[in-house]
Amino acid sequence: MTMPTLEDAQALDRADPLAAFRQRFSLPENVIYLDGNSLGPLPVETPRRVAEAVAKEWGDGLVTSWNDAGWVDAPHRIGDKIARVIGARPGEVVVTDSTSVNLYKLIMAAAPLSPGRTEILTERGNFPSDLYVAEGAARTLGLELRVVDRDDLVGAMSSATALVMLTQVDYRSGYRHDIAAMNRIAAGHDVRIVWDLSHSIGTVPLDLGRDGVELAIGCGYKHLNGGPGAPAFLYVAKALQDKITSPISGWFGHASPFVFDARYQPAPGISRFLAGTPPILSMVALEAGVDLMLEVDQNALFAKSAQLFDLFALLVAARCPELRPVSPDDPATRGGHISFAHDHAYEIIQALIARGVIGDFRTPDVARFGITPLYTRFEDIWRAVDILDDIMARKIWQEPQYAVRRVVT
Ligand SMILES: *Cc1c(COP(=O)(O)O)cnc(C)c1O
(Lines give C-alpha, C1' and ligand atoms only; values in the text may rest on other atoms or scores of the structure.)
Protein backbone atom coordinates (compact mmCIF):
# COMPACT_ATOMS: atom_id res chain seq x y z
CA MET A 1 0.00 0.00 0.00
CA THR A 2 1.31 3.48 -0.78
CA MET A 3 1.79 5.88 2.08
CA PRO A 4 -1.16 8.28 2.53
CA THR A 5 -0.16 11.89 1.96
CA LEU A 6 -1.53 15.04 3.57
CA GLU A 7 -3.57 15.53 0.39
CA ASP A 8 -5.04 12.05 0.74
CA ALA A 9 -6.06 12.88 4.32
CA GLN A 10 -7.65 16.13 3.19
CA ALA A 11 -9.57 14.26 0.50
CA LEU A 12 -10.95 11.94 3.20
CA ASP A 13 -12.08 15.01 5.15
CA ARG A 14 -13.90 16.38 2.11
CA ALA A 15 -15.77 13.09 1.76
CA ASP A 16 -16.55 12.83 5.49
CA PRO A 17 -20.32 12.93 6.22
CA LEU A 18 -19.62 13.97 9.83
CA ALA A 19 -17.25 16.83 8.94
CA ALA A 20 -19.73 19.58 9.85
CA PHE A 21 -19.85 18.52 13.51
CA ARG A 22 -16.40 19.95 14.11
CA GLN A 23 -17.82 23.48 13.97
CA ARG A 24 -20.07 22.63 16.88
CA PHE A 25 -17.05 22.54 19.19
CA SER A 26 -15.01 25.39 20.56
CA LEU A 27 -11.52 24.07 19.91
CA PRO A 28 -8.40 26.21 20.36
CA GLU A 29 -6.38 27.13 17.27
CA ASN A 30 -3.15 25.24 16.69
CA VAL A 31 -4.11 22.34 18.89
CA ILE A 32 -4.74 18.79 17.68
CA TYR A 33 -6.87 17.41 20.45
CA LEU A 34 -6.55 13.64 20.75
CA ASP A 35 -7.72 13.35 24.34
CA GLY A 36 -11.50 13.56 24.14
CA ASN A 37 -11.58 10.14 25.78
CA SER A 38 -10.25 11.79 28.93
CA LEU A 39 -12.06 15.14 28.76
CA GLY A 40 -14.37 15.93 25.86
CA PRO A 41 -13.98 19.47 24.45
CA LEU A 42 -16.44 22.32 24.91
CA PRO A 43 -19.50 22.33 22.62
CA VAL A 44 -20.17 25.83 21.21
CA GLU A 45 -23.69 25.69 22.62
CA THR A 46 -22.72 24.93 26.22
CA PRO A 47 -21.62 28.39 27.51
CA ARG A 48 -24.90 29.94 26.38
CA ARG A 49 -26.99 27.28 28.07
CA VAL A 50 -25.02 27.40 31.30
CA ALA A 51 -25.09 31.22 31.35
CA GLU A 52 -28.85 31.14 30.90
CA ALA A 53 -29.30 28.57 33.66
CA VAL A 54 -27.22 30.74 35.98
CA ALA A 55 -28.79 34.12 35.17
CA LYS A 56 -32.41 33.23 34.46
CA GLU A 57 -33.11 29.95 36.21
CA TRP A 58 -31.00 30.48 39.31
CA GLY A 59 -30.79 34.29 39.34
CA ASP A 60 -34.41 35.14 38.53
CA GLY A 61 -36.25 31.89 39.16
CA LEU A 62 -34.58 31.04 42.46
CA VAL A 63 -36.10 28.05 44.19
CA THR A 64 -39.14 28.01 41.87
CA SER A 65 -36.84 26.71 39.13
CA TRP A 66 -36.92 23.27 40.73
CA ASN A 67 -40.44 23.01 39.34
CA ASP A 68 -40.58 25.67 36.64
CA ALA A 69 -37.25 25.23 34.87
CA GLY A 70 -37.33 21.44 34.91
CA TRP A 71 -34.53 21.05 37.44
CA VAL A 72 -36.21 18.28 39.37
CA ASP A 73 -36.74 16.22 36.21
CA ALA A 74 -33.20 16.73 34.88
CA PRO A 75 -31.79 13.33 36.02
CA HIS A 76 -34.63 11.55 34.19
CA ARG A 77 -34.88 13.86 31.21
CA ILE A 78 -31.17 13.61 30.42
CA GLY A 79 -31.21 9.92 31.36
CA ASP A 80 -33.92 9.28 28.77
CA LYS A 81 -31.84 11.08 26.15
CA ILE A 82 -28.82 8.94 26.99
CA ALA A 83 -31.09 5.89 26.78
CA ARG A 84 -31.66 6.73 23.10
CA VAL A 85 -27.91 6.76 22.47
CA ILE A 86 -27.33 3.36 24.10
CA GLY A 87 -30.38 1.38 23.03
CA ALA A 88 -32.17 1.50 26.38
CA ARG A 89 -35.82 2.29 27.03
CA PRO A 90 -37.25 5.43 28.63
CA GLY A 91 -37.10 5.07 32.41
CA GLU A 92 -34.04 2.82 32.36
CA VAL A 93 -31.34 5.49 32.76
CA VAL A 94 -30.73 8.29 35.25
CA VAL A 95 -27.99 10.88 35.39
CA THR A 96 -26.54 11.13 38.86
CA ASP A 97 -23.36 11.13 40.95
CA SER A 98 -20.00 10.05 39.52
CA THR A 99 -19.13 6.86 37.68
CA SER A 100 -17.27 5.54 40.73
CA VAL A 101 -20.22 6.17 43.05
CA ASN A 102 -22.69 4.65 40.60
CA LEU A 103 -20.54 1.56 40.29
CA TYR A 104 -20.59 1.18 44.06
CA LYS A 105 -24.36 1.55 44.09
CA LEU A 106 -24.90 -1.13 41.45
CA ILE A 107 -22.47 -3.64 42.96
CA MET A 108 -24.03 -3.23 46.40
CA ALA A 109 -27.53 -3.43 44.94
CA ALA A 110 -27.02 -6.41 42.63
CA ALA A 111 -24.64 -8.76 44.47
CA PRO A 112 -27.32 -9.75 47.04
CA LEU A 113 -29.41 -11.14 44.14
CA SER A 114 -27.07 -14.16 44.28
CA PRO A 115 -27.13 -15.28 47.92
CA GLY A 116 -24.64 -17.92 49.03
CA ARG A 117 -22.10 -17.00 46.36
CA THR A 118 -18.69 -15.80 47.46
CA GLU A 119 -16.94 -13.80 44.72
CA ILE A 120 -17.10 -10.66 42.66
CA LEU A 121 -15.15 -11.25 39.46
CA THR A 122 -13.34 -8.67 37.35
CA GLU A 123 -10.30 -8.35 35.12
CA ARG A 124 -6.85 -7.16 36.10
CA GLY A 125 -6.64 -4.48 33.42
CA ASN A 126 -9.87 -2.82 34.51
CA PHE A 127 -9.80 0.89 35.29
CA PRO A 128 -8.17 1.27 38.73
CA SER A 129 -11.03 3.27 40.24
CA ASP A 130 -13.37 0.42 39.29
CA LEU A 131 -11.04 -2.07 40.97
CA TYR A 132 -10.85 0.07 44.11
CA VAL A 133 -14.62 0.49 44.27
CA ALA A 134 -15.18 -3.23 43.75
CA GLU A 135 -12.62 -3.99 46.45
CA GLY A 136 -14.41 -1.73 48.93
CA ALA A 137 -17.87 -3.01 48.02
CA ALA A 138 -16.72 -6.63 48.24
CA ARG A 139 -15.29 -6.01 51.70
CA THR A 140 -18.59 -4.50 52.88
CA LEU A 141 -20.54 -7.40 51.38
CA GLY A 142 -18.23 -10.00 52.90
CA LEU A 143 -17.28 -11.26 49.42
CA GLU A 144 -13.94 -11.97 47.79
CA LEU A 145 -12.84 -9.77 44.88
CA ARG A 146 -11.35 -12.13 42.31
CA VAL A 147 -9.17 -10.34 39.74
CA VAL A 148 -8.03 -12.37 36.72
CA ASP A 149 -6.47 -11.74 33.32
CA ARG A 150 -8.93 -11.12 30.49
CA ASP A 151 -8.25 -14.50 28.89
CA ASP A 152 -9.17 -16.23 32.16
CA LEU A 153 -12.47 -14.41 32.73
CA VAL A 154 -14.72 -16.96 31.10
CA GLY A 155 -13.06 -19.87 32.85
CA ALA A 156 -13.28 -18.07 36.18
CA MET A 157 -17.08 -17.72 36.10
CA SER A 158 -18.66 -20.36 38.30
CA SER A 159 -21.40 -21.08 40.79
CA ALA A 160 -19.26 -19.12 43.29
CA THR A 161 -19.57 -15.90 41.27
CA ALA A 162 -22.05 -13.43 42.75
CA LEU A 163 -21.43 -10.68 40.18
CA VAL A 164 -19.06 -9.82 37.32
CA MET A 165 -17.88 -6.25 36.79
CA LEU A 166 -16.34 -5.30 33.45
CA THR A 167 -15.44 -2.19 31.52
CA GLN A 168 -16.43 -2.76 27.90
CA VAL A 169 -13.61 -0.75 26.30
CA ASP A 170 -10.21 -1.07 27.99
CA TYR A 171 -8.92 2.38 28.95
CA ARG A 172 -5.37 1.51 27.94
CA SER A 173 -5.45 -0.69 24.85
CA GLY A 174 -8.94 0.11 23.57
CA TYR A 175 -9.82 -3.63 23.54
CA ARG A 176 -13.60 -3.99 23.35
CA HIS A 177 -15.57 -6.80 24.96
CA ASP A 178 -18.44 -8.38 23.06
CA ILE A 179 -21.21 -7.44 25.49
CA ALA A 180 -23.81 -9.86 24.14
CA ALA A 181 -21.44 -12.82 24.15
CA MET A 182 -20.16 -12.12 27.67
CA ASN A 183 -23.69 -11.68 28.97
CA ARG A 184 -24.68 -15.02 27.46
CA ILE A 185 -21.76 -16.79 29.10
CA ALA A 186 -22.51 -15.14 32.44
CA ALA A 187 -26.18 -16.07 32.19
CA GLY A 188 -25.08 -19.69 31.76
CA HIS A 189 -23.71 -19.45 35.31
CA ASP A 190 -26.75 -17.53 36.48
CA VAL A 191 -24.53 -14.47 36.98
CA ARG A 192 -25.05 -10.82 36.07
CA ILE A 193 -22.47 -8.41 34.67
CA VAL A 194 -22.24 -4.75 35.65
CA TRP A 195 -20.91 -2.99 32.55
CA ASP A 196 -18.87 0.20 32.73
CA LEU A 197 -19.50 2.02 29.44
CA SER A 198 -17.26 5.02 30.15
CA HIS A 199 -15.11 4.55 27.06
CA SER A 200 -17.94 3.14 24.94
CA ILE A 201 -20.75 5.69 24.94
CA GLY A 202 -20.43 8.14 22.10
CA THR A 203 -17.81 6.11 20.31
CA VAL A 204 -19.07 2.56 19.68
CA PRO A 205 -22.67 1.67 18.79
CA LEU A 206 -24.50 0.27 21.82
CA ASP A 207 -27.77 -1.58 22.09
CA LEU A 208 -28.25 -2.55 25.71
CA GLY A 209 -31.72 -3.95 25.21
CA ARG A 210 -30.69 -6.23 22.35
CA ASP A 211 -27.51 -7.34 24.09
CA GLY A 212 -29.19 -8.36 27.33
CA VAL A 213 -27.55 -5.75 29.55
CA GLU A 214 -29.13 -5.55 32.99
CA LEU A 215 -26.80 -3.16 34.84
CA ALA A 216 -24.51 -0.44 33.50
CA ILE A 217 -22.86 2.85 34.32
CA GLY A 218 -20.83 5.37 32.35
CA CYS A 219 -19.08 8.67 32.28
CA GLY A 220 -20.44 12.08 31.22
CA TYR A 221 -17.25 14.02 30.61
CA LYS A 222 -15.53 11.83 28.00
CA HIS A 223 -17.30 11.19 24.68
CA LEU A 224 -20.51 12.88 25.87
CA ASN A 225 -18.60 16.16 26.19
CA GLY A 226 -20.42 17.11 29.40
CA GLY A 227 -17.59 19.12 30.97
CA PRO A 228 -15.03 18.43 33.70
CA GLY A 229 -16.55 16.28 36.44
CA ALA A 230 -19.90 16.01 34.62
CA PRO A 231 -22.40 13.74 36.35
CA ALA A 232 -22.40 10.11 35.27
CA PHE A 233 -25.24 7.83 34.20
CA LEU A 234 -26.67 4.65 35.66
CA TYR A 235 -28.78 2.05 33.84
CA VAL A 236 -30.89 -0.73 35.30
CA ALA A 237 -33.07 -2.84 32.99
CA LYS A 238 -36.78 -2.45 33.71
CA ALA A 239 -37.26 -6.05 34.89
CA LEU A 240 -34.67 -5.65 37.61
CA GLN A 241 -35.48 -2.19 38.90
CA ASP A 242 -37.92 -3.07 41.64
CA LYS A 243 -35.93 -6.10 42.78
CA ILE A 244 -32.89 -4.15 43.96
CA THR A 245 -32.27 -1.05 46.07
CA SER A 246 -29.52 1.50 46.30
CA PRO A 247 -27.14 1.32 49.26
CA ILE A 248 -27.38 5.13 49.44
CA SER A 249 -30.99 5.59 50.46
CA GLY A 250 -31.14 9.36 50.00
CA TRP A 251 -34.23 11.48 49.68
CA PHE A 252 -34.10 11.86 45.88
CA GLY A 253 -34.53 8.07 45.70
CA HIS A 254 -37.50 8.13 48.07
CA ALA A 255 -41.00 7.34 46.82
CA SER A 256 -42.20 10.80 47.92
CA PRO A 257 -39.26 12.96 48.96
CA PHE A 258 -41.37 15.99 49.74
CA VAL A 259 -43.68 14.19 52.14
CA PHE A 260 -40.69 14.26 54.51
CA ASP A 261 -41.59 10.89 55.91
CA ALA A 262 -39.17 9.75 58.62
CA ARG A 263 -38.85 6.27 57.07
CA TYR A 264 -37.17 5.39 53.78
CA GLN A 265 -39.45 4.01 51.11
CA PRO A 266 -37.64 3.42 47.78
CA ALA A 267 -39.24 5.06 44.76
CA PRO A 268 -40.54 2.70 42.09
CA GLY A 269 -38.38 2.31 39.01
CA ILE A 270 -35.02 3.87 38.24
CA SER A 271 -35.62 6.87 40.57
CA ARG A 272 -34.53 4.82 43.56
CA PHE A 273 -30.95 5.07 42.31
CA LEU A 274 -30.86 8.79 42.86
CA ALA A 275 -29.37 9.87 46.18
CA GLY A 276 -29.12 13.61 46.80
CA THR A 277 -29.80 16.92 45.06
CA PRO A 278 -28.56 16.91 41.45
CA PRO A 279 -25.80 19.42 40.49
CA ILE A 280 -27.97 21.46 38.14
CA LEU A 281 -25.33 23.62 36.48
CA SER A 282 -23.30 20.53 35.63
CA MET A 283 -26.44 18.79 34.41
CA VAL A 284 -27.19 21.70 32.06
CA ALA A 285 -23.70 21.45 30.58
CA LEU A 286 -24.02 17.70 30.19
CA GLU A 287 -27.38 18.01 28.50
CA ALA A 288 -25.87 20.24 25.80
CA GLY A 289 -23.28 17.52 25.10
CA VAL A 290 -25.91 14.78 25.05
CA ASP A 291 -28.17 16.78 22.73
CA LEU A 292 -25.29 17.09 20.29
CA MET A 293 -24.62 13.34 20.50
CA LEU A 294 -28.29 12.65 19.73
CA GLU A 295 -27.87 14.30 16.35
CA VAL A 296 -25.25 11.75 15.33
CA ASP A 297 -25.78 8.33 13.84
CA GLN A 298 -23.72 6.05 16.07
CA ASN A 299 -22.88 3.65 13.24
CA ALA A 300 -21.56 6.49 11.10
CA LEU A 301 -19.57 7.67 14.10
CA PHE A 302 -17.90 4.33 14.58
CA ALA A 303 -17.29 3.90 10.85
CA LYS A 304 -15.30 7.15 10.85
CA SER A 305 -13.52 6.18 14.05
CA ALA A 306 -12.40 2.95 12.38
CA GLN A 307 -11.10 4.89 9.37
CA LEU A 308 -9.23 7.38 11.56
CA PHE A 309 -7.73 4.46 13.46
CA ASP A 310 -6.55 2.73 10.32
CA LEU A 311 -4.91 5.91 9.01
CA PHE A 312 -3.19 6.48 12.35
CA ALA A 313 -2.00 2.86 12.60
CA LEU A 314 -0.71 2.81 9.03
CA LEU A 315 1.22 6.06 9.36
CA VAL A 316 2.79 5.13 12.70
CA ALA A 317 3.79 1.67 11.45
CA ALA A 318 5.54 3.23 8.47
CA ARG A 319 7.04 6.33 10.05
CA CYS A 320 7.53 5.54 13.77
CA PRO A 321 7.95 1.75 13.96
CA GLU A 322 9.64 2.02 17.38
CA LEU A 323 6.16 2.70 18.79
CA ARG A 324 4.59 -0.73 19.29
CA PRO A 325 0.87 -0.97 18.52
CA VAL A 326 -1.17 -2.27 21.45
CA SER A 327 -4.73 -1.75 20.19
CA PRO A 328 -6.63 -4.54 18.42
CA ASP A 329 -6.55 -4.68 14.61
CA ASP A 330 -10.13 -5.80 14.27
CA PRO A 331 -12.60 -2.88 14.49
CA ALA A 332 -15.15 -5.23 16.11
CA THR A 333 -12.88 -5.61 19.12
CA ARG A 334 -11.79 -2.05 19.65
CA GLY A 335 -13.12 1.27 20.92
CA GLY A 336 -12.43 4.91 20.13
CA HIS A 337 -8.77 5.29 20.95
CA ILE A 338 -5.44 4.02 19.66
CA SER A 339 -2.47 3.25 21.88
CA PHE A 340 1.19 2.49 21.41
CA ALA A 341 3.79 1.20 23.85
CA HIS A 342 7.23 2.72 24.24
CA ASP A 343 9.62 2.80 27.23
CA HIS A 344 9.57 6.58 27.02
CA ALA A 345 5.89 7.05 26.28
CA TYR A 346 5.62 9.66 29.05
CA GLU A 347 8.33 11.88 27.56
CA ILE A 348 7.00 11.40 24.03
CA ILE A 349 3.53 12.54 25.10
CA GLN A 350 4.97 15.59 26.89
CA ALA A 351 6.98 16.52 23.79
CA LEU A 352 3.84 16.13 21.65
CA ILE A 353 1.82 18.35 23.99
CA ALA A 354 4.53 21.02 23.72
CA ARG A 355 3.96 20.90 19.95
CA GLY A 356 0.18 21.20 20.29
CA VAL A 357 -0.72 17.54 19.92
CA ILE A 358 -2.61 16.51 23.05
CA GLY A 359 -2.71 12.82 23.84
CA ASP A 360 -2.08 11.18 27.17
CA PHE A 361 0.17 8.74 28.96
CA ARG A 362 -1.07 5.69 30.82
CA THR A 363 1.31 3.86 33.09
CA PRO A 364 3.54 1.95 32.63
CA ASP A 365 4.43 2.63 28.99
CA VAL A 366 1.36 3.57 26.95
CA ALA A 367 0.89 6.61 24.71
CA ARG A 368 -2.85 6.92 24.14
CA PHE A 369 -4.70 8.95 21.52
CA GLY A 370 -8.44 9.54 21.38
CA ILE A 371 -9.71 9.56 17.79
CA THR A 372 -13.09 11.08 18.49
CA PRO A 373 -14.81 11.35 15.12
CA LEU A 374 -17.06 14.33 15.87
CA TYR A 375 -14.23 16.82 15.65
CA THR A 376 -11.08 14.94 14.64
CA ARG A 377 -10.16 15.34 11.00
CA PHE A 378 -8.11 12.94 8.91
CA GLU A 379 -5.79 15.88 8.38
CA ASP A 380 -5.31 16.11 12.17
CA ILE A 381 -4.19 12.48 12.28
CA TRP A 382 -1.75 13.03 9.44
CA ARG A 383 -0.27 16.14 11.06
CA ALA A 384 -0.10 14.51 14.50
CA VAL A 385 1.91 11.58 13.14
CA ASP A 386 4.10 13.99 11.17
CA ILE A 387 4.96 15.80 14.43
CA LEU A 388 5.41 12.47 16.24
CA ASP A 389 7.80 11.37 13.53
CA ASP A 390 9.84 14.55 13.97
CA ILE A 391 9.94 14.10 17.77
CA MET A 392 11.14 10.52 17.36
CA ALA A 393 13.59 11.11 14.51
CA ARG A 394 15.30 14.06 16.18
CA LYS A 395 14.96 12.54 19.69
CA ILE A 396 13.27 15.71 20.90
CA TRP A 397 11.57 13.70 23.66
CA GLN A 398 15.00 13.34 25.34
CA GLU A 399 15.05 17.02 26.33
CA PRO A 400 15.03 17.06 30.14
CA GLN A 401 11.87 19.14 30.59
CA TYR A 402 9.76 16.32 29.12
CA ALA A 403 10.76 13.93 31.90
CA VAL A 404 9.21 16.11 34.65
CA ARG A 405 6.20 14.23 36.04
CA ARG A 406 2.97 16.20 36.44
CA VAL A 407 0.12 15.25 38.81
CA VAL A 408 -2.42 14.53 36.07
CA THR A 409 -1.07 12.56 33.15
C1 LIG B 1 -13.33 7.72 33.28
C2 LIG B 1 -13.67 6.46 33.96
C3 LIG B 1 -14.22 6.47 35.23
C4 LIG B 1 -14.36 7.78 35.94
O5 LIG B 1 -14.86 7.69 37.20
P6 LIG B 1 -15.16 9.03 38.01
O7 LIG B 1 -15.94 8.56 39.15
O8 LIG B 1 -15.87 9.96 37.10
O9 LIG B 1 -13.86 9.62 38.40
C10 LIG B 1 -14.56 5.25 35.81
N11 LIG B 1 -14.40 4.09 35.15
C12 LIG B 1 -13.88 4.06 33.90
C13 LIG B 1 -13.72 2.76 33.19
C14 LIG B 1 -13.50 5.23 33.28
O15 LIG B 1 -12.97 5.21 32.06
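Trainee: Which residue lies over the face of Tyr346, and at what distance from the ring centre?

Mentor: Arg405 does, at 4.0 Å from the ring centre. A charge sits over a ring if NZ of Lys or CZ of Arg is within 6 Å of the ring centre and within 35 degrees of the ring normal. Likewise, Arg176 lies over the face of Phe302, 4.9 Å from the ring centre. This is a predicted model, where local features need pLDDT of at least 70, side-chain atom pairs count only at pLDDT 80 or more, and totals for chains, interfaces and linings use all residues. Residues are numbered from 1 along each chain as its sequence is written, and side-chain values use heavy atoms, with hydrogens and water left out.

Trainee: How is a pair of aromatic rings described?

Mentor: By the distance of the centres and the angle of the planes. Rings of Phe, Tyr and Trp (its six-membered ring) pair if their centres lie within 6.5 Å; planes under 30 degrees apart count as stacked, over 60 as edge-to-face and the rest as tilted. The count by this rule is twelve aromatic pairs. One of them is edge-to-face: Phe127 and Tyr171, 5.1 Å centre to centre with 90 degrees between the planes.

Trainee: Are Phe127 and Tyr171 buried, partly exposed or exposed?

Mentor: Phe127 is partly exposed, at 33% relative accessible area, while Tyr171 is buried, at 7%. Buried means under 20%, exposed over 50%, and partly exposed in between (1.4 Å probe, protein chains only).

Trainee: Which residues form one aromatic cluster?

Mentor: Trp66, Trp71, Trp251, Phe252, Phe258 and Phe260.
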